[in-house]
Amino acid sequence: MTLIISNTEITAKNTCDKLHDYMYLQNLEPRQYSLSIRRGVIGHAVLEVYYTCRKDGFNHYSAVESAMDKLYKIIAESDPDDVEHTTMLGQLAKLLIRYFQYYEYDTYKILAVEKIMTAPMVDDEIVFGLYVDVLAEITTGEYRGYVDIIDHKFVMNFKSIDDLRLDPQQPKYHKTAQLNGLPIKNAIFNQIRFRQMKNPTDEDLFKRSPLLSSQTAIDTVWEEATQTAEDINYEKSRDRHITRRRQSYSACKNCFFKDICMTELAGQDITIMRQAQYQIRNRPLKDWMLSNA
Ligand code: SF4
């Protein structure tokens with residue numbers, strides 16, 4: 001059976017075997033994600049509406065109206081007693097209105113939105129899959145006719161140059177586009193900064209950061225990701241999964257599974273905690289791949 005693997009699964013496996021076990025073998029996710037993740041999910045949904053409208057030929061103003069309608073509907077349906085969540089939605093609305101003003105004169109032609117792309121890693125045994133937020137054609141200048149893969153990131157602070165050089169996602173997206181024969185110019189992080197600041201400029205809030213890696217680095221990231229995918233596939237084929245805990249500050253501090261991991265580590269019963277705090281994860285990428293197999 002073909003293993004369908006995403007950047008998130010490879011990162012999870014490289015971060016901590018136990019984290020990978022919770023996410024991809026037990027298929028768990030928290031019932032309630034952090035505010036930061038909820039902001040990102042809602043922000044993506046609003047941008048999806050905007051860019052879908054642009055792809056379908058709507059002008060900027062109609063697309064903004066449809067996108068903001070989506071957000072206002074989410075706000076209307078949210079729990080008014082959840083002050084933290086409601087405040088976040090209000091701040092997000094202001095931020096996105098400003099985003100749409102800032103990028104009003106984007107010259108991109110939008111080719112696809114929320115598109116699944118795949119590329120073989122090991123023949124038809126292991127396939128890499130990803131969701132492209134936006135696939136856009138460059139319409140002006142030297143690279144006219146080339147395409148960019150754009151990934152939205154809602155961030156507290158913009159990524160540093162080192163963060164970008166060591167990022168494992170953009171090189172895989174770039175490589176996938178290359179393997180699909182697309183005239184790829186860049187994988188781009190469309191960074192939208194939600195940190196509350198006094199009188200921020202547009203440049204404090206919005207930044208599009210292209211892939212900084214060389215072709216050698218792209219190929220190396222792909223090769224190393226393939227090795228991780230082969231490890232996962234090997235463990236699955238033998239039904240002997242490594243579930244060793246990493247237990248490092250950097251891995252554990254933001255881990256969704258910290259509570260259940262500690263409880264299990266202490267030898268205590270996790271049955272009630274598992275039911276109360278976690279649910280079975282939706283895996284639309286895998287579902288789509290299986291339905292098209
Ligand atoms: S809390 Fe740490 S050790 Fe436990 S699953 Fe998460 S990353 Fe791994």
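Which helices each supply at least two residues of the shell around the ligand? I looked this up before anything else. They are helix H2 (17-25), helix H10 (249-252) and helix H11 (258-265).

**Ground rules.** I am working from a predicted model, where local features need pLDDT of at least 70, side-chain atom pairs count only at pLDDT 80 or more, and totals for chains, interfaces and linings use all residues. Residues are numbered from 1 along each chain as its sequence is written. Helices (H or I, at least four residues) and strands (E, at least two) are DSSP runs, numbered from the N terminus.

**Ligand shell.** I listed the residues around the ligand as Cys16, Lys18, Leu19, Arg245, Arg246, Gln247, Ala251, Cys252, Cys255, Phe257, Lys258 and Cys261. A residue is taken as near when its C-beta atom, placed from the backbone, lies within 6 Å of the molecule. I sorted the shell by class and got 7 nonpolar, 1 polar and 4 charged residues. In this sorting Ala, Val, Leu, Ile, Met, Phe, Trp, Tyr, Cys and Pro are nonpolar, Asp, Glu, Lys and Arg are charged, and the others, Gly among them, are polar.

**H1 and H2.** I then checked what H2 packs on. The axes of helix H1 (residues 7-15) and H2 come within 5 Å and cross at roughly 140 degrees. Axes are lines fitted to C-alpha atoms, for helices over the stretch in contact, and angles run from 0 to 180 degrees between N-to-C directions. In this contact, Glu9, Ala12, Lys13 and Thr15 of H1 meet Asp17, Leu19, His20, Met23 and Tyr24 of H2. I count two residues as in contact if their C-beta atoms, placed from the backbone, lie within 7 Å. By class I have 4 nonpolar, 2 polar and 3 charged residues here.

**H3 and H4.** Helix H3 (residues 35-55) and helix H4 (residues 60-77) have axes 8 Å apart and pack at about 155 degrees. H3 is therefore roughly antiparallel to H4 (the term covers angles over 145 degrees). From H3, Ile42, Ala45, Val46, Val49, Tyr50, Cys53 and Arg54 meet Ser62, Ala63, Val64, Ser66, Ala67, Lys70, Leu71 and Ile74 from H4. I noted 11 nonpolar, 2 polar and 2 charged residues in this contact.

**H7.** I asked how much of helix H7 (residues 169-179) is covered, and found 8 of its 11 residues buried. Buried means 20 or more other C-beta atoms within 10 Å of the residue's own, exposed means 12 or fewer, and partly exposed is in between, with C-beta atoms placed from the backbone. Lys172 and Lys175 are among the buried residues. The buried residues pack against H1, strand S3 (109-122), strand S4 (126-137), strand S5 (147-155), S6 and helix H9 (215-238). After H7 comes Gly181, with a positive phi near 75 degrees.

**Phe194.** I found Phe194 in the loop between strand S6 (184-193) and helix H8 (202-205). Phe194 has 19 other C-beta atoms within 10 Å, so it is partly exposed. Not counting residues up to four places away in sequence, it touches Arg39, Gln91, Leu95, Phe154 and Met156. The C-alpha atoms of Phe194 and Arg39 are 9.1 Å apart, although 155 residues separate the two along the chain.

I noted Asn27, with phi near 55 degrees, in the loop between H2 and strand S2 (28-30). Asp123 has phi of about 40 degrees and lies in the loop between S3 and S4. Asp123 counts as exposed because it has 8 C-beta neighbours inside 10 Å.

Terms used
Parallel < 35°, antiparallel > 145°, perpendicular 65-115°, else oblique.
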